[in-house]
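Open the model in your viewer and keep the selection panel at hand. The stops below say what to pick next and what to look for.

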Amino acid sequence: KNVTDGVLELMCAAKEGNMNNVAQAAQAASLAINGLLTALKPSMAGSAASEEALAMVKNALANLGGPPQPQGRQRTQECRDKLTEICRSLAKGISTLLTTSKTKPEDVGAMSKKIATMIPGLVEMTRLAAAAMSEAASKKRLLDSTKDIANATAKIFARVKDAGADPKNAAVQQKTSGAVNAGTAAIARFVNALKAGAVGDREAAIDEMACMAADMDVASLCAAAGQLDPNIEAISQTIEGLQAVLVQAAKGIASSSAGVVAATKGTSEQLGTASEQLAAGLTRLSKLSKATASLVGDSLSQQNILSGARAVCLTCQNMVVSARTAQKSPGDQTAQTALQGSSASVAESLKAFIENAQATNSEASRGLAELEGAVAEIRKMLSTFETPAFKGNMNATVDDVIASARALAESSPPPVSACN
């Protein structure tokens, strides 16, 4: 209105031809225009920020179908925790954005841009979580619900932009509220898909246990052939130290297996998490078993350790499979009995494994003691040989010397091969 009035006065002054009045009217019109531009700047900035927010969402959505960025191996549970936190922040953000569009429309653009920064993180963590899932249906559901969140958020940004431009328009405000409600519903569907993905954790854990059992089987065959590769990480360790850590890891497996059995009374998400924790414990047990076996001198002891670890992996795998069936059919007594039996098998395999590990340590200590005794005996003989009083066998012939040398040569390969 000020601009219109100023321009009208300027036109009237120009028509009259009074230059003083023209100058005054021109100055008033200029001030009115500057005032209008100043008033429009926040709105223009907000509009630009809203456009940037929309662009960020679209770019993130375009990356949804691609492979995740290399960030190291992350378990699904870690991804799920981060995604849950992002969803909480996103739900809170769009709710606050709706209020802002009514009370402080000039802040809509900046707030939209802040919310948009969450979407790339949501997409990337979803890709990581989906990559770890073995069930195609769970993976598709998670990716589809992520796409729904991104599209709903983009629509919210467009609606609040309109609402900010016309905050008193009831129809526009109603559409904005509807868009926010749709966004909240999309977030809820995503959380449900995330929970359903725990089933994928369980199946992935079963596959991982099978792979570890196969790895232990191969390592045991190499030990039987005397070709077990040395473990670099074990070089600076002692058998006693590794054996203690190995026994502790086995006890951790016992605790995790009990958690799997208990989780059958809960949700599929709880069972998936418990199965994944068990698989993580078995991964550590397998690595420690190979490290310990590499320090053991005899092939049979190496095989005992590795075969024992393989048995633990297989019994744990069978238990998770039984747990899956027992959870699906809580009233099936056969399934419950099978779960109890598989749990008992895990306990038996762990007991045998710990006994083997402890026995291996005892055998290794006894072998080292015998070796140290032999070294002491050889040093004693050398000390006697170097004294003036030593006369040796004065009646020995050349044939006797050759026979003694041959006997020494024949006895050297066994201890050398044992070290290798």
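A crossing counts as left-handed if the near helix is turned anticlockwise from the far one by less than a right angle, and as right-handed if clockwise. Helices (H or I, at least four residues) and strands (E, at least two) are DSSP runs, numbered from the N terminus.

This is a predicted model: local features need pLDDT of at least 70, side-chain atom pairs count only at pLDDT 80 or more, and totals for chains, interfaces and linings use all residues. Residues are numbered from 1 along each chain as its sequence is written, and side-chain values use heavy atoms, with hydrogens and water left out.

**Stop 1: colour by confidence**

pLDDT is the predictor's confidence in each residue, from 0 to 100. The protein averages 78, and 77% of the residues score at least 70. Now pick residues 40-46, where pLDDT stays under 50. The model gives this stretch 2 contacts (heavy atoms within 4.5 Å) beyond four places in sequence. Residues 70-74 also fall below 50, with 7 contacts beyond near neighbours in sequence.

**Stop 2: helices 9 and 10**

Select residues 239-263 (helix 9) and 268-295 (helix 10). Their axes come within 9 Å and cross at roughly 160°. Axes are lines fitted to C-alpha atoms, for helices over the stretch in contact, and angles run from 0 to 180 degrees between N-to-C directions. Helix 9 and helix 10 are therefore roughly antiparallel. Angles over 145 degrees count as roughly antiparallel, under 35 as roughly parallel, 65 to 115 as roughly perpendicular and the rest as oblique. The crossing is left-handed. The contact has 17 nonpolar, 9 polar and 1 charged residues. Ala, Val, Leu, Ile, Met, Phe, Trp, Tyr, Cys and Pro count as nonpolar, Asp, Glu, Lys and Arg as charged, and the others, Gly among them, as polar.

**Stop 3: helices 9 and 11**

On helix 9, show I253, S257, V260, V261 and A263. They meet V312, C316, M319, V320, A323 and Q327 of helix 11. The contact has 9 nonpolar, 2 polar and no charged residues.

**Stop 4: helices 5 and 6**

Select residues 118-131 (helix 5) and 136-165 (helix 6). The axes come within 10 Å and cross at roughly 175°. Helix 5 is thus roughly antiparallel to helix 6. Among the contact residues are L122 and T126 of helix 5, and L142 and T146 of helix 6.

**Stop 5: a salt bridge**

Show the side chains of E85 and R88, which form a salt bridge at 3.3 Å, N to O. The term means a side-chain nitrogen of Lys or Arg within 4 Å of a carboxyl oxygen of Asp or Glu. E85 and R88 lie 3 residues apart in helix 3 (residues 76-103), so about one helical turn separates them. The whole structure holds 7 salt bridges.
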